[in-house]
Amino acid sequence: MNQTPTPEHTEEKKGQKKKKEKKKRLPLKRSISNILFALRQVWEVSPSYFIIYYAMTLVWGTLDFLEGSFLLRMIVNGIEKNTPTRVIVTFMLVIAVADVLASALNSYYWNVLSPPKYQLVSATIRKKLFRKASTVELACYETPAFYDKYMKAMDEANGRVEKVMGTIDNLIWNTISLCCNSFLLFLIDPVLIIFGLLPLLLGIVRRWQSKLSHDQTAARKPIDRRVKYVRRTFYLNEYAKEMRIGGMYRRMLDELMATYRDFKQLMRKYGILRAVTQYIQKVGLEVVTILGAMFYAVWRTLGDGGMTIGDCIVILNSIGTISYCLNYMVQNFAEFGEHSLFLEDVRYFLDYEVAMPEDEDAPAAHGGDIELKHVSFRYTGAEKDTLHDISMKIRAGEHIALVGLNGSGKTTLVKLLLRLYDPTDGEVLLDGRNAKEYRLSSYRDSFSCVFQDFRVFSMSVTENVLLRTPREGDTERVREALRESGAWEKIESLPAGLDSTLTREFDDHGINLSGGEAQKVSLARVFAEDAPCIILDEPSSALDPIAEHTMFENMMRAARGRSVIFISHRLSSAVDADRIYLMEDGRIAETGTHRDLMARGGKYAEMFHLQAKNYVGEEVEA
Ligand code: ADP
């Protein structure tokens, strides 16, 4: 079977490879490449921000050393060697002036220059992710492993870049401090360097700790996903009704407590290990290194008298700085490893090869006959096909009705027509050419569509109708479309008319439309566009019978010369269709005009009679 590679397949293949990679951690080359990737994001947005950021680190790192150990040694030596006060005071004044100037620049930079620049970096990264998110195939959303990575990428992207910047900042600072202080100690007694190097051994523990931290975060993601879902069910409008009837809210609260129990278990698994690594580091650094060097300095000064009191004071001051610097540098490298693992998820997502790429060189679609040839389809992870060997031809300008019970595959068929999924077998043709050969955006633009589970956006009415930023001259087209869909009367009555914002998420004075009104607004999308083919998936589910009738009349008038494929539960709306397809268990069970199907006396006729009876209370003649 000619199966399109789904994210699940790609995921499986990459998953096995990645599992091995994660156990070993990322190869050094890849880690460095990930860190450079993060830095490139900043550099591309603002080289000046990047340069000033690190120039300031260099200045502060140097000043810190000069103001600390260096000045201390100068004063102590100066006292011992009777250096003229003028020399010491002049040096102190120069340092003070440099500090005053650098502080002013520092405050201005961090409070005024840096925040908007960093926001821009964040927004640019998010934009890349969102752009990518809008191109990945729908199946990705149904693959939990991929969805987790997607969420991690979204959570981590901008914060992680900031953390990378911070780690490099620390690394530069620590390197300056380490080099300057080591040189000072080396001048006093080369043996002291041994104490400074001990913290390097703690790096192994630090790496272990960083791995634990990453594993713990990864293990938390599925729990967080469940918590977020529960949260959504409590605050999203679309769940509000169901959450108030029956016992679903209790079920959700139980789920919340279950996530808490899972979290507790997770913490039990990782908490103790993290405590042990932290303890080893603290003791290794504070007891072995710092106190060890102090013992040595005190012994050399008081014991064998080989060291001056001045040098002893400098050692006590510098050894702590050196070992902390080394420890932090090791930590910095461990942090790079951690950042790199998280950035790997971001890059995985950004580099993910979408199954349906936009090929700019592919031909544009201009409508025409639509044909399905032996199309079968199976959802990712499903055990059986949802559509089986469907063949149908819809000539340009024909009006087609898809009818059938819930779950018979009507919406799935429409999703294949729109190339939201590709068939697992068979092909969809537009104007005699495989749909995959067209430029994707142009192919999809050949269809105007209203989905059964339509959404209105927290944007103006105009934007909701056009589904894009309005252009000059659009107002009249939107108004006309709303008239045709039956929503104009309501929109006209609003104080801000077409500019009214729908929902209150972005605007306190936003408008909450009723289900039927919102459906009419989304229907206007079809009237506002001239796409050669209109697809309506249960367009009248929220409308009353009169509104439904008017809507259909308007729709058919507006759709003259354009193809229409509509799904409807109300068979009365299929009566005038050029052809009706009755679907059953993913197959076409009956095809023909209303008259043909009624004459045949099959399933369609049975359903029609049943519905007509329910509507008028008695059997009507077909
Ligand atoms: P209809 O539109 O006729 O009600 P659908 O096309 O929505 O039917 O659904 C057909 C079948 O496909 C149903 O059994 C449904 O559960 C299944 N299905 C729909 N969407 C998905 C999905 N994203 N993943 C797995 N199965 C799905």
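A residue is called buried when its relative accessible area is under 20%, exposed when that area is over 50%, and partly exposed in between. The model shown here is predicted. Phe-146 has a relative accessibility of 1% and therefore counts as buried. Phe-349 also has a value of 1%, so Phe-349 is buried as well.

These two residues lead into the aromatic contacts. A pair of aromatic rings is described by the distance of the centres and the angle of the planes. The structure holds 23 aromatic pairs. In one of them, the rings of Trp-43 and Phe-50 have centres 5.4 Å apart and planes at 90°, so this pair is edge-to-face. Trp-43 is partly exposed, because its relative accessibility is 39%. Phe-50, at 17%, counts as buried. Phe-146 and Phe-349 form another aromatic pair, with 6.0 Å from centre to centre and 50° between the planes, and this pair is tilted. Phe-146 belongs to helix H5 (residues 144–188) and Phe-349 to helix H10, so their contact ties together parts that are 203 residues apart in sequence. Trp-43 and Phe-50 also belong to one aromatic cluster, together with Tyr-49, Tyr-53, Tyr-54, Tyr-109 and Trp-110.

Charged residues come next. Side chains of opposite charge can pair when their charged atoms come close. The count of salt bridges in this model is 20. One of them joins Asp-189 to Arg-300, with 2.8 Å between the closest N and O atoms. Asp-189 lies in the loop between H5 and helix H6 (192–197), while Arg-300 lies in helix H9, so the pair ties together parts that are 111 residues apart in sequence. Both Asp-189 and Arg-300 are buried.

Other salt bridges lie within a single helix. Asp-224 and Arg-220 form one, their closest N and O atoms being 3.6 Å apart. Both residues lie in helix H7 (residues 202–235), four residues apart, about one turn of the helix. Asp-224 is partly exposed at 21%, and Arg-220 is partly exposed at 29%. Arg-479 and Glu-476 meet in a salt bridge with an N to O distance of 2.9 Å. They are three residues apart in helix H14 (residues 474–485), again about one turn of the helix. Arg-479 has a relative accessibility of 25% and is therefore partly exposed. Glu-476, at 42%, is partly exposed.

Salt bridges can also be linked, as in the network of Arg-226, Arg-251, Glu-255 and Asp-262. Arg-251 is found in helix H9 (residues 248–303) and is partly exposed, with a relative accessible area of 44%. From Arg-251 to Met-294 the separation is 43 residues in sequence and 61 Å in space, C-alpha to C-alpha.

A patch of negative charge on the surface is formed by Glu-358, Asp-359, Glu-360, Asp-361 and Asp-445. Asp-359 sits in the loop between helix H10 (309–351) and strand S1 (370–377), and Asp-359 is partly exposed at 40%.

His-374, in strand S1, has a positive phi of about 45° although it is not a glycine. Asp-431 likewise has a positive phi, near 55°, and is a residue other than glycine. Asp-431 is placed in the loop between strand S4 (425–430) and strand S5 (433–434). Its relative accessibility is 52%, so Asp-431 counts as exposed.

Key: Residues numbered from 1 in each chain as written. Predicted model: local features only at pLDDT ≥ 70, side-chain atom pairs only at ≥ 80, totals over all residues. Heavy atoms only, no water. Patch = residues over 30% accessible without salt bridge, like charges linked within 9 Å, V, L, I, M, F, W, Y side chains within 5 Å. Areas by Shrake-Rupley, 256 points an atom, 1.4 Å probe, with all protein chains shown as cover. Salt bridge = Lys/Arg side-chain N within 4 Å of Asp/Glu carboxyl O. Lys, Arg positive; Asp, Glu negative; His and termini not counted. Charge placed at Lys NZ, Arg CZ, Asp CG, Glu CD. Helix = DSSP H or I, 4+ residues; strand = E, 2+ residues; numbered from the N terminus. Buried < 20%, exposed > 50% of the residue type's maximum accessible area, 1.4 Å probe, protein only. Phe/Tyr/Trp six-rings, centres within 6.5 Å; stacked < 30°, edge-to-face > 60°.
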